[in-house]
Amino acid sequence: MGAMSHGENNGRGAPGMPVAVEAGPAEEPTTVLGPVEDRNLRQLPVLPLNDVVLFPSMVAPLVINTQRSMKLAEDISAGDRLFIAVLQREGDVPDDKVVPSQLHPTGCIARLIRMLRFPDDTLRILVQGQHRCRLGAFEDGAVPYLRAAFTTLKDETGDGIAMEALARNASQRFQDVITLSPTLPEELKVALFNIDDPAKLSDLIAANLPMPLGDRQGLLETISVRGRLETITVLLNREREVLKLGNEIQTRVSATFSKSQREYFLREQLKQIRTELGESDQQSGDQQALRKRVEEARMPEEARAVAEKELGRLSTIPSVSPEYGVIRTYLDWLVDLPWHRRTDDRLDLAAARRVLDDDHYGLAKIKDRILEFLAVLKLRKNLKGPILCFAGPPGVGKTSLGQSIAHALGRKFVRMSLGGVHDEAEIRGHRRTYIGALPGRIVQGLRRAGTRNPVFMLDEIDKVGQDFRGDPSSALLEVLDPEQNHAFQDHYLDVSFDLSQVLFITTANILDTIPPPLRDRMEVLEIAGYTLREKLHIARRHLVPKQIVEHGLRPSMLRFPDAAVEGIVTGYTREAGVRNLEREIASICRKAARNVAGGRARRIAVDAARLRAWLGPRRFEPESAERHAPPGVSTGLAWTPTGGDILFVEATAMPGKGRIVLTGLLGDVMKESAQAAVSFVRSRAGQFGMAADYMEKNDLHIHVPAGAIPKDGPSAGLAIVTALVSMLTKRPVPPDLAMTGEITLRGRVMPVGGIKEKVLAAARAGIRRLLVPTKNGDDLREVPADIRKTLAVRRVRDIDTALHWIFPGS
């Protein structure tokens with residue numbers, strides 16, 4: 001840029017290009033020059049221009065920043081305001097260094113309209129072209145700027161019709177160019193409509209059409225209007241084709257612009273906007289870290305698409321918005337889930353067997369089932385996890401057994417208690433529309449485990465509730481179904497997660513409270529309870545060493561012989577499990593620790609005397625051993641949630657009117673069994689020594705002690721018949737004999753459930769002989785062999801056979 005240049009336009013035209021319009025009134029009326037002789041003007045100041053060609057009627061702003069040109073502007077502003085604007089041949093020469101030979105011979109006489117001085121020591125002038133002129137001789141030395149003689153050039157016009165055709169064609173082409181060009185203002189079309197003179201039309205188009213300075217200077221030097229219009233038409237056609245092709249190229253480029261490139265530019269723009277707004281870069285850094293975590297999570301396609309969508313939403317939301325925290329929390333849950341992380345299973349069957357045997361004594365059936373699962377998994381890698389249910393009384397080690405299974409398999413262990421759960425959302429999660437929504441506890445457990453194939457224990461599944469908030473047991477149907485849980489959907493995540501590799505283990509005390517559809521999905525493994533021998537082994541191998549360590553003792557300080565453990569089991573606990581046994585052992589360890597800490601003893605051996613001194617009198621005595629039962633009393637067997645137990649049935653008669661009284665908090669089923677027993681006995685009245693009018697003169701009272709404990713079930717029918725017959729025949733039932741079985745009016749003895757639990761309870765109570773239904777014979781094989789050896793078990797098909805065995809010789 002030289003010392004003289006045109007200024008910026010008014011925002012309508014191309015940058016750096018003045019807008020040419022019809023010359024109108026300025027601050028002073030525009031003077032139209034005639035021949036030079038008429039104005040007595042022989043010379044005018046010459047202003048060199050380095051990047052603009054001034055045409056007649058063209059208004060243009062110019063910037064002056066050299067002392068010579070400033071002097072020129074000041075002198076003409078004080079005079080007639082006329083000067084000659086001429087284009088330099090070389091644009092990089094400062095105007096104060098320009099000599100006449102460096103100027104084009106043809107220029108434009110211009111008039112100064114306005115002049116403004118700026119603080120940066122430059123002048124802004126607004127000028128308007130008047131006439132073409134040809135430079136003559138230059139004046140030498142009179143003034144510091146160039147002055148030259150000139151000759152005005154008059155336009156040469158042609159015939160009317162041809163000129164009009166050229167003018168119309170040029171006007172139409174220029175309108176097309178204005179429409180296609182993004183830099184030419186629409187106001188130029190208005191100017192075109194208001195020009196009738198072909199010469200002025202050609203100058204207007206030449207001043208505004210983009211072209212090189214050389215072509216523009218050539219049009220200024222062309223006197224022939226027709227020649228100018230022909231040249232302009234060629235340039236207009238070329239410019240129109242260039243603009244059309246440029247628009248087509250832009251359209252194709254926009255269509256093929258890749259999505260990733262558009263996103264990149266949009267993100268950069270958004271970044272700049274946030275920077276201008278003063279938002280912290282912390283948000284951008286968090287989003288980049290989150291995007292990296294999404295890529296590393298190796299999600300399935302469905303979850304990946306959802307994560308990408310939420311990431312896009314997150315990038316458009318300010319960090320102070322509540323929605324930002326909701327989306328961020330959701331994405332954290334998605335990326336933290338173990339979509340592909342899993343632990344390698346330990347497929348060494350022998351090592352797994354050792355782990356199970358070290359952690360638990362007995363439980364052969366359950367250990368075999370776990371080893372079978374391992375064997376199949378070793379042969380078939382992608383095995384769906386079975387759904388196991390450990391059913392048994394409290395304290396038998398159901399939960400700890402699940403931990404041992406996880407240890408044996410080399411998997412992570414997760415436990416979830418279902419006791420008292422009433423809300424379905426605890427399983428499936430809350431929908432994200434709720435404030436404070438979270439995934440269900442299944443998904444939370446998997447996130448906590450960090451693997452997709454943990455051992456997942458659902459504890460107390462028989463205690464799941466149900467209310468207006470939903471039915472959690474129904475939600476568990478999908479979780480515990482191997483055919484469905486490969487696409488488990490949590491309400492919060494709203495994407496599928498594969499649970500088929502999870503080994504689900506449930507625990508329950510009572511199977512009856514589990515809904516049938518849910519129970520049908522589980523493989524039930526019952527743990528009836530432990531025998532005395534098993535409890536001795538468990539105490540010796542696990543409970544006693546554990547409590548000695550927890551109470552700060554050493555094995556040498558406290559000796560726990562088997563006789564002491566057996567004394568605790570038989571005299572201070574009566575349970576199927578070992579929970580109370582552990583409490584009593586802990587009580588003894590506390591007292592031993594007190595003696596050792598107090599210096600009263602250094603080594604303590606627990607014997608019978610210490611048991612009585614530290615634990616008090618025996619709380620339980622074998623029921624059968626203490627009873628020398630009179631006639632009318634029999635011993636039955638019952639199944640309870642804590643294992644099995646014995647119960648006594650007492651029958652007596654008194655003068656009355658034939659009423660039957662049943663007491664002992666009996667349930668409906670047990671009352672019906674008592675009614676059936678009475679009816680059977682009355683049908684055999686003659687055999688039992690009953691007079692024909694016995695029931696008309698006497699009332700019968702049947703009572704089952706421990707009246708505060710509810711009792712129900714059909715298995716006491718045989719014991720009730722036995723008590724009635726014993727009362728009528730005045731013959732006592734042997735105290736070491738117990739029985740179970742449902743009866744019919746025809747005298748049949750029907751099979752019952754819970755045989756293993758009942759047999760173990762009989763052994764704990766000191767029973768030596770048992771009567772069981774014939775069809776329950778196979779159930780006896782589940783009873784440990786050492787217990788079967790201590791009992792004489794008789795299988796009976798009908799009541800007559802049972803009575804002959806109870807009352808021999810009758």
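Me: Which residues of strand β8 lie on one side, and which on the other?
Reply: This is a predicted model, with residues numbered from 1 along each chain as its sequence is written. Local features need pLDDT of at least 70, side-chain atom pairs count only at pLDDT 80 or more, totals for chains, interfaces and linings use all residues, and side-chain values use heavy atoms, without hydrogens or water. Strands are DSSP runs (E, at least two residues) and helices likewise (H or I, at least four), numbered from the N terminus. Both faces of β8 are covered, with Ile387, Cys389 and Ala391 on one side, and on the other Leu388 and Phe390.

Me: How many residues of β8 are buried?
Reply: Buried means under 20% relative accessible area, exposed over 50%, partly exposed in between (1.4 Å probe, protein chains only). Strand β8 covers residues 387-391 and is mostly covered. The buried count is five of its five residues.

Me: Which residue in β14 is the bridge partner of Cys389?
Reply: Strands pair if DSSP finds at least two bridges between them. β8 joins β13 in parallel through five bridges. It also pairs with β14, again in the parallel sense, over four bridges. There, Cys389 has as its bridge partner Val524.

Me: What distance separates the end C-alpha atoms of helix α21?
Reply: The expected span is 1.5 Å times one less than the number of residues. Helix α21 has 19 residues, so it should span 27 Å. The model agrees: the end C-alpha atoms are apart by 27 Å.

Me: Which residues does Ile568 touch?
Reply: Contact means heavy atoms within 4.5 Å. Residues up to four places away in sequence are not counted. Ile568 then touches Phe560, Thr573, Leu581, Glu584, Ile585, Ile588, Leu611 and Leu615.

Me: Which residues have the most contacts inside the largest nonpolar core?
Reply: A nonpolar core is a set of buried Ala, Val, Leu, Ile, Met, Phe, Trp, Tyr and Cys residues joined through side-chain atoms within 4.5 Å. The largest has 54 residues. Those with the most contacts are Phe390, Ile405, Leu558, Phe560, Ile568 and Ile585.

Me: What is the angle between the planes of Trp339 and Phe497?
Reply: Rings of Phe, Tyr and Trp (its six-membered ring) pair if their centres lie within 6.5 Å; planes under 30 degrees apart count as stacked, over 60 as edge-to-face and the rest as tilted. A search of the whole structure finds three aromatic pairs. Trp339 and Phe497 form a tilted one, 5.1 Å centre to centre, with the planes at 55 degrees.
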